[in-house]
Amino acid sequence: MRLITLILALLFPSLLFSQAKAKFDCEDYDFGEVLESGGKLSHTFIVENVGNRPLVIRGIYVSCGCTTASHTKEAIMPGEKGEITVTFDPEGLKGLYIKTIFVHTNTKNRKGEIFIRATIVDKLTVKEEEKDSLSYLLR
């Protein structure tokens, strides 16, 4: 049996080392300054399978109830892309929030993390350098 395994490993090394590998277009998305009363915010992360076996997203887990996520359900073939859409509800929150989204897959590491962040305020502020362009638009 060991001899057969050794022969197969020498003839087909890719069988031993083939795996799915996830690569995100970005791992940390910043919504910036947002109004608490502005409604839910969403961002779609693109995940590419840069490995040589199908990538399966087995589950998505979020760090709090103000955040939800959905993802591509079918296997992502090598070279193909899938999506993870994260929705954040700032209602009742104030200040800087950083939320972690745990992505469980069939990759070697089994899990990954992506992040969203937002600064929730009562009212939006206009930066000094933006005042000129804003006053021009309001004319």
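Two strands count as paired if DSSP finds at least two bridges between them, and strands here are DSSP runs (E, at least two residues; helices are H or I, at least four), numbered from the N terminus. You're looking at a predicted model, where local features need pLDDT of at least 70, side-chain atom pairs count only at pLDDT 80 or more, and totals for chains, interfaces and linings use all residues. Residues are numbered from 1 along each chain as its sequence is written, and side-chain values use heavy atoms, leaving out hydrogens and water.

**The open sheet**

Start with S5 and strand S6 (residues 81-88), an antiparallel pair joined over five bridges. Pick His-71, and across from it in S6 you'll find Ile-84. Now widen the selection: four strands make an open sheet, antiparallel in its pairing, in the order S1-S3-S6-S5. At the edges sit strand S1 (22-24) and strand S5 (67-71), each pairing on one side only.

**Salt bridges**

Next, select Lys-94. Its side chain meets that of Glu-36 in a salt bridge (2.4 Å, N to O); the term means a side-chain nitrogen of Lys or Arg within 4 Å of a carboxyl oxygen of Asp or Glu. Lys-94 lies in the loop between S6 and S7 and Glu-36 in the loop between S2 and strand S3 (41-49), so this pair ties together parts 58 residues apart in sequence. Asp-122 is exposed at 58% relative accessible area, while Lys-94 is partly exposed at 43% (buried is under 20%, exposed over 50%, partly exposed in between; 1.4 Å probe, protein chains only).

Then jump to Arg-117, which forms a salt bridge with Asp-28 at 2.7 Å between the closest N and O atoms. Arg-117 is in strand S8 and Asp-28 in strand S2 (residues 28-35), 89 residues apart.

Tyr-29 is partly exposed at 28%, whereas Phe-31 is buried at 17%.

**Last stops**

Select Thr-100 in strand S7 (residues 95-105). Thr-100 is buried, at 15% relative accessibility. Finish on Arg-110, in the loop between S7 and strand S8 (111-121): not a glycine, yet with a positive phi of about 70°.
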